[in-house]
Amino acid sequence: MLIDSHCHLNIKDFDQDFDEVVKRMFENKISRVINVGCDLKTSKRALDLADKYDYMYATVGLHPHEAKNFSKDILDEFEVMIENNQKIIGIGETGLDYFRNLSTEEEQKTVFNAQIGLAKRYNLPLIIHCREAYEDVYEILVQYDLKKVIFHCFAGNLEFAKKLWNHNWITSFTGIITYPKNIELREIVKNCPINSFLLETDCPYLSPQKFRGQRNEPAFMIETAKCLAECKSLDLAEVAELENQNIKNIFGI
Ligand code: NI
């Protein structure tokens, strides 16, 4: 059984058919999911879901797009949530996004640093969203000497991936590895050490090739797992076993 290590069942896109989505997820060998927060509201919703379903876990975080809405109050609320709930198992998604720049670089860096502080204080993995900001993100992370770091939806180059693997950080792969044009990305998957990968959907975004154009959901992660298995000449059971071990190592679940 596989684990969707980064999804957003905590947003309204899944309100209509939540039970169906969960049913299809189990039918497709996905046994657990981690719902990732992007702001206070979605972090709270992720926690609500984790309270309700034993196979769901939550993270709290403020996405770089939301950095302009940051306040100390939000950080305080995150702390209260973390201190009172075992099922909050990570901080993020956080990071830097210079592609869309919906918040200024300055705002993004302030909020990123604040969340790194949380990750360190509570010894939780940090889930990174990084777009066209690889050097800056790397420089900041190295300063803090963080041990548990996940580059969500990795889409950088092989050289940069190797730098991350040298720190024992994780590159996490989404359905975009199945897109025909992403040859370089599959080369990265092939080179990735077996203890340095995770699988995720990032649903409702980034559907794998077979379902491209549709809303993504955890069930579709089976396509990404098959692609990774092929790249690494493993069978699906081996991929599942490795992924479970990697999840256990970094998230402790
Ligand atoms: Ni995401």
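**View 1. Helix H6 and its two sides.** On one side of H6, Glu159 and Asn166 are exposed (over 50% relative accessible area; buried is under 20%, with a 1.4 Å probe and protein chains only). This is a predicted model, so local features need pLDDT of at least 70 and side-chain atom pairs count only at pLDDT 80 or more, while totals for chains, interfaces and linings use all residues. Residues are numbered from 1 along each chain as its sequence is written, and side-chain values use heavy atoms, leaving out hydrogens and water. H6 itself covers residues 158–166, and its buried residues are Phe160, Ala161, Leu164 and Trp165. Looking down the helix axis, these buried residues fall within an arc of 145°, so they line one face of H6 (the arc is taken from the directions from the helix axis to the C-beta atoms). An α-helix has 3.6 residues a turn, so residues three or four places apart point the same way. Helices (H or I, at least four residues) and strands (E, at least two) are DSSP runs, numbered from the N terminus.

**View 2. What H6 packs against, and how it starts and ends.** The buried residues of H6 pack against helices H5 (134–144) and H7 (183–191), plus strands E6 (149–151) and E7 (170–173); contact here means heavy atoms within 4.5 Å. At the start of H6, a side-chain oxygen of Asn157 comes to within 3.3 Å of the backbone nitrogen of Glu159. After H6 comes Asn168, with a positive phi near 65°.

**View 3. The nickel site.** His6 (NE2), His8 (NE2), Glu93 (OE) and Asp202 (OD) are the protein donors, 2.1 to 2.2 Å from the nickel ion. Donors are N, O and S atoms within 2.8 Å of the metal (3.2 Å for Na, K and Ca), and water is not among the atoms, so sites may look incomplete. The four donor atoms make angles of 82 to 178°, and the site is irregular. Glu93 sits in strand E4 (residues 88–97) and Asp202 in the loop between strand E8 (197–199) and H8, so to speak linking distant parts of the chain, 109 residues apart. Glu93 counts as buried at 2% relative accessibility, and Asp202 counts as buried at 9%.

**View 4. Around Leu9.** Leaving aside neighbours within four places in sequence, Leu9 is in contact with residues including Phe14, Phe18, Val33, Met56 and Pro218.

Definitions and conventions. Polar contact = N/O pair within 3.5 Å; in protein donor to acceptor, adjacent residues only side chain to side chain. Tetrahedral: all angles 85-135°; square planar, octahedral: opposite > 155°, others 65-115°.
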